Structure formats: structure tokens, C-alpha cells
Amino acid sequence: MKMKRPSKLESSHLVCGDNFDNIKPNQTIRQLQAQETKKQIIDSFTALISEKDFGDIGIKDICNAAGISVGAFYHHFEKKSSLLLELYQGCDEYFLNVVYPDTMGMSPVDGVFEYLHQQCIFTQKIGKESIKSFYKFQIDQKNDFFVSMTRGFSVVLTKLIERCQDIGSLTDCEKAENIAHELLILSRGIIYNWCLADGEYDMSRKVDNMCRKYLSYYSVDRN
């Protein structure tokens, strides 16, 4: 089955969601300015990372693009790699608000694979060097956000698995969250291997093939 690529999933939106649309009431001018500065930093980093590898981007490059001082950067972020975590938090919003609704127009099983396909598109948009840096950041910082099953990205995949179980495409002999967790272990492993292979194979096809083999174990037809 050829995977559908929804036209509304524009690549320009794949990097980071906008966390600053909803301004809280009673914020001071200073708070609003700080919020805007942080947004400028993230937007500038987002633009740069779509053009360069993470290692080729310096903090001064980000500050120059954002029109701020280096001191202002460090007021909001401890180091450059902290922006990667911010980026993935924005990614969760994108998958919740854009990708998830779009999968509702597909069959439940196709929706699962389209979701994983969009994970690959996001990864390729960020670039292998940046993904390597993010893996290192997660290990060094011991931050469990990336692998948490309560983050938006993981919650949505669980919902998609539940949808498959509700209509009888997949057996409910295993909890949806556990299946989603193992699918993500598999897809992240492929992404890691793709980085090791210097991006020399089709990551999306590999994720699709291997995850289909995994999910076939829970297929109602098989059982």
C-alpha cells in the first residue's frame, strides 16, 4: 500500500510548533518581551537548522539571526542543545493538532503507518547531525521527555492503536500503550541506525516495513 502524504502537512510546519499564540492575561510588558525574545530565538534556530547541520550552527549565528545579544540567549537557554528539546516539544503540538486529525480520514491501520511516516519526515527535516546531537543531549541530561509515554507524540500513537483495536483490526490481548511503546522503540532504533548509516537508506520505507511486520503479530486475521 502506497502511503498517503496529506497535502496540508507542509514541510515548513514540521520543525516546531508555535507555543506563543495564547498570551496569558495580566502579563507585564517585560514578560511579554521575554516571551517574544524566546520565540525569536526558537524561530531563528528553526530557520537555521533547515539550512545547516546542527554542528555548523553557533550561538552567535542564532543570536545574529534573532537580532539579540548572546546574554539574552543564555537568559532563556542553558546551551544550544537545549533548543533541540524545545523543538521536540513543539513537534508534539504539531502531531497533536495537525497530523492526528488528518489520520482520522484514513483507515485505522493506515493512520498508524502514516503517523510513523510523518515521524520520519520530521526526522529528515531536522537532519541526521541534529538528531545525533539530540540523542546525545538526552543521554547526557538524563531527560526522560523523549521516551515518555505521556508526551503528546506518544499519547496520540496510543490513541491510534486503540482505534485499531476498537474496530477489530488489532487484537486487544495487549494494551494499546504497550504496543505503541514497542512501535516507538522500533522506529527510534531505525532512526538511530539511519544516523549510523549516514542516511544512506530510505528510513521511511524501513520503518514502514518493519513496523508492519511487528503489527502483523497483533492482527486479528492472524489470531
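The structure described here is a predicted model, in which local features need pLDDT of at least 70 and side-chain atom pairs count only at pLDDT 80 or more, while totals for chains, interfaces and linings use all residues. Residues are numbered from 1 along each chain as its sequence is written, and side-chain values use heavy atoms, with hydrogens and water left out.

Read from the N terminus, the order of elements is α-α-α-α-α-α-α-α-α. Of the 223 residues in the chain, 47% are buried; buried means under 20% relative accessible area, exposed means over 50%, and partly exposed lies in between (1.4 Å probe, protein chains only). The chain exposes about 11,800 Å², with carbon and sulfur atoms supplying 48% of that area. These accessible areas come from the Shrake-Rupley method with a 1.4 Å probe, and for residues only the protein chains shown count as cover. Among the contacts in the chain with a separation of 6 or more, 71% join residues 24 or more positions apart, a contact being heavy atoms within 4.5 Å.

The helix pairs come next. Two packed helices are described by the angle between their axes and the distance between the axes. Here the axes are lines fitted to C-alpha atoms, for helices over the stretch in contact, and the angles run from 0 to 180 degrees between N-to-C directions. Helix α1 (residues 29–49) and helix α2 (residues 59–66) have axes that come within 8 Å and cross at roughly 115°, and the two are therefore roughly perpendicular to each other. The crossing of α1 past α2 is right-handed; a crossing is right-handed if the near helix is turned clockwise from the far one by less than a right angle, and left-handed if anticlockwise. On the α1 side, Gln40, Ile41, Ser44, Phe45 and Leu48 take part, meeting Asp61, Ile62, Ala65 and Ala66 of α2.

The axes of helix α4 (residues 82–103) and α7 come within 8 Å and cross at roughly 20°, which makes α4 roughly parallel to α7. This crossing of α4 and α7 is right-handed. Asp92, Phe95, Leu96, Tyr100 and Thr103 of α4 make the contact with Gly152, Phe153, Val156, Lys159, Leu160 and Arg163 of α7. With helix α8 (residues 176–196), α7 again has an axis that comes within 8 Å, and the two cross at roughly 120°. That angle makes α7 oblique to α8. Here too, α7 passes α8 in a right-handed crossing. The α7 residues that meet α8 include Phe153, Leu157 and Ile161, and their partners in α8 include Ala180, Leu183 and Leu184.

Cys164 is found in helix α7 (residues 152–166) and is buried, with a relative accessible area of 0%. Leaving out residues up to four places away in sequence, Cys164 touches Pro108, Val109, Val112, Ser169 and Leu170. Its C-alpha atom is separated by 9.6 Å from that of Ser219, 55 residues apart along the chain. Phe137, in helix α6 (residues 128–141), is buried at 7% relative accessible area. Apart from neighbours within four places in sequence, Phe137 is in contact with Lys79, Ser81, Ser82 and Leu85. The C-alpha atoms of Phe137 and Leu85 are 8.6 Å apart, across 52 residues along the chain. Ile126 belongs to helix α5 (residues 108–126) and counts as buried at 3% relative accessibility. Asp198 lies in the loop between α8 and α9 (203–216) and has a positive phi of about 60° although it is not a glycine. Asp198 is partly exposed, with a relative accessible area of 40%.

Finally, the cysteines. A disulfide is taken as a pair of cysteine sulfur atoms within 2.5 Å, and by this rule the count is zero disulfides. The sulfur of Cys120 is 8.1 Å from the closest cysteine sulfur, in Cys211, which is too far for a bond. Cys120 is buried at 0% relative accessibility, and Cys195 is buried with a relative accessible area of 3%.

How values were computed. Helix = DSSP H or I, 4+ residues; strand = E, 2+ residues; numbered from the N terminus. Parallel < 35°, antiparallel > 145°, perpendicular 65-115°, else oblique.
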